[in-house]
Amino acid sequence: MARIDVNHVRHSYLPNPQKDADFALREVHHTFEDGGAYALLGPSGCGKTTLLNIISGLLHPSHGQLLFNGRDVTNLSTQERNIAQVFQFPVIYDTMTVYDNLAFPLRNRGVPEADVDRKVRETLDMIDLASWAKKKARGLTADQKQKISLGRGLVRSDVNAILFDEPLTVIDPHMKWVLRSQLKQLHRRFGYTMVYVTHDQTEALTFADQVVVMYDGGIVQIGTPAELFERPRHTFVGYFIGSPGMNVMPVAIDGKTATLGSQRIELPGAPKAGSGAIELGIRPEYVRLGRDGMTVQVSKVEDLGRHKVVRAKLEGRDIAAVIGEDEAVPAEPKVRFDPAGINIYADSWLVEMARVEMGA
Amino acid sequence: MEKTWNNKAWFLVLPVLVLVAFSAVIPLMTVVNYSVQDTFGNNVFFWAGTEWFEELLHSDRFWEAMTRNLIFSFIILAIEVPLGIFIALNMPKKGWGVPVCLVLMALPLLIPWNVVGTIWQVFGRNDIGLLGYYVNAVGIDYNYVQDPFDAWVTIIVMDVWHWTSLVVLLCYAGLVSIPDAFYQAAKIDGASRWAVFRYIQLPKMQRVLLIAVLLRFMDSFMIYTEPFVVTGGGPGNSTTFLSIDLVKTALGQFDLGPAAAMSLVYFLIVLLLSWVFYTVMTNYDAER
């Protein structure tokens, strides 16, 4: 296991990158702590797989350094870095048995056969495939194949980290849940450093202790699932996490009040002066629909079973609100914003606010 | 469930039956017809029974041609399959090299067979041929018209030149279908170059290789045009393969009965060997 320091890493797929837009990874400077479970979350093309491949050594970064436990590994090959990686599509060696698949990485490294046998049997138990050991790997289901891919990483006891590149994409929904909880269990039991790339927020939030949200080649926020939900540091995080995403609307700020068109909104505190376009962000979960507040025109109610999502217009802008499954939309609907859920953004970045407890 | 019986369905398969009848069954039947009769022309036939077949199976000439043909097929398979795999492995996977290589590989396949024969016939001549002249000039005694060994070398090199690209193209198709993740996983697993070939590339090429071996075997076992143009079956009978022998019997000597018997035996052998090949290789596939 290892602590992984990503030291001002930039990467471009072009031979001669000039401007920022040429970089698939603009600049990442972050430490993955030893034994941590991290998720790299972001939309397609945000650079998360690039970052993962740089950590695993399949890509050499254009700039920057990579340290494992303080040792510079930037120029080491994948094999020398001793990491394990699970890919989007299961990679198995068709012609081998399940047992031989797991033994393969050890035999390649010249481990004595007695140790190979012991390690493979342990790993088969860990991934719950002991009864399949003698079967040909090609006949297995997608989730079993993916477990073998994982097992080939686990079998090497000294791996520095296990990297996952959207490993559950081709797995059936009900098996996804099972595999994810098995992964979590493995992490708790053996304390591997795990980095998990995904564009699925549920996967990221349930798997990881720390979620690293990436956008347009850079990291926009690192935090626990709760932090990402309550205080998105960037409006993108607000949009991307949560379903539906955060409501963001342009406002003018005057002390502790925000003005949206003809409406005045009380803020939980006075935001520090920020420059650029000022926006107010509030999650649909904090928008209260009722008989008092600001008038809205409801356009659609989506019943999701557990709760309802109300789509409406406020001052001509789209806004979403979440209400309980058995709540009804009032005849003359109005909304209030719960101050606890209000965030203010300047140029898309969160502005600090001295929060005062309401009613105090 | 009650089954519906409806004989009208036969009408729907009728077109294909008619087509196969005219293209295969009827011509084959005329050959069967010839093989059991004797004729001296004028459409006069005498019943010969199994005479031609007995004669054929006791003929040294037939067995010699067959042996030559099997040796030839074995040699070209032993060269073309490994060479084809080797070239396919070394072809570029992306960039401008891909179309260039593909076109270069496809070129020999696009040349008509008798032209291939003519090219090599001229190329190998030791008076005016580029190859023949210079090979002799460096002191190697090479003359495919007089020396059976040289004739064999010429025909084998010609076949390798003509058909290795088929194996290359089939293998290449198998190779490019392997996702990058397999190579990346192999790197992470610390696999050697040989292990990558043995456990990733070869299994992925297995199906196309089966087809390549089958096609090359059948084709080489039935080879006619190129050796006919280059050596005409000579010197002596040293490059007389089955099909050349057959044509000599049928059209050279106009022995229609024996030629028909030979055709049928030839046909059955090709069918049998192809079947054996196919079953052995697919069974092997299933076992693994």
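1. Domain bounds here come from an automatic or database domain assignment. On that basis chain A is divided into domain 1, residues 4–230, and domain 2, residues 243–350. The C-alpha centres of domain 1 and domain 2 of chain A lie 39 Å apart.

2. A word on conventions before going on. This is a predicted model, in which local features need pLDDT of at least 70 and side-chain atom pairs count only at pLDDT 80 or more, while totals for chains, interfaces and linings use all residues. Residues are numbered from 1 along each chain as its sequence is written, and chains are lettered from A and ligands numbered from 1 in the order in which they are written.

3. Do have a look at the loop between helix 9 (235–240) and strand 11 of chain A, where A:P244 lies. Helices (H or I, at least four residues) and strands (E, at least two) are DSSP runs, numbered from the N terminus. A:S243 and A:P244 are joined by a cis peptide bond, with omega at about -5 degrees.

4. Two strands pair if DSSP finds at least two bridges between them. Strand 22 (residues 342–346) of chain A runs antiparallel to strand 23 of chain A, with two bridges between them. A:Y345 has A:L350, in strand 23 of chain A, as its bridge partner.

5. Another open sheet in chain A has three strands in the order 12-13-14, again with antiparallel pairing. Strand 12 (252–254) and strand 14 (263–266) of chain A are at its edges with a single partner strand each, so one side of each is left without a neighbour in the sheet. From one strand to the next, the twist averages 30 degrees; angles run from 0 to 180 degrees between N-to-C directions, and axes are lines fitted to C-alpha atoms, for helices over the stretch in contact. Strand 12 of chain A is joined to the antiparallel strand 13 (residues 257–260) of chain A by three bridges. A:I253 has A:A258 of strand 13 as its bridge partner.

6. Now to helix packing in chain A. The axes of helix 3 (residues 98–108) and helix 5 (residues 142–154) of chain A come within 8 Å, crossing at roughly 35 degrees. This crossing of helix 3 and helix 5 of chain A is right-handed; a crossing is left-handed if the near helix is turned anticlockwise from the far one by less than a right angle, and right-handed if clockwise. Helix 3 of chain A contributes A:V98, A:N101, A:L102, A:F104 and A:P105 to the contact, and helix 5 of chain A contributes A:I148, A:G151 and A:R152. Residues are in contact if their C-beta atoms, placed from the backbone, lie within 7 Å. By class, this contact has five nonpolar, two polar and one charged residues. Ala, Val, Leu, Ile, Met, Phe, Trp, Tyr, Cys and Pro count as nonpolar, Asp, Glu, Lys and Arg as charged, and the others, Gly among them, as polar.

7. Which element of chain A gives the most to the side that touches chain B? The contact takes 19 residues from chain A and 16 residues from chain B. Helix 2 (78–81), strand 6 (84–86) and helix 3 of chain A each give two or more residues to the side of chain A that touches chain B, and helix 3 gives the most, with three residues. That side of chain A divides into 10 nonpolar, six polar and three charged residues.

8. A:N82 is not a glycine, yet has a positive phi of about 55 degrees.

9. Chain B has 12 helices and two strands. Its radius of gyration, taken over C-alpha atoms, is 24 Å, well over the 19 Å that the globule rule gives for 288 residues, so chain B is more spread out than a compact globule. The globule rule is 2.2 Å times the number of residues to the power 0.38. Along the principal axes, the C-alpha atoms of chain B fill a box of roughly 80 × 75 × 30 Å.

Notes: Two residues are in contact if their C-beta atoms, placed from the backbone, lie within 7 Å.
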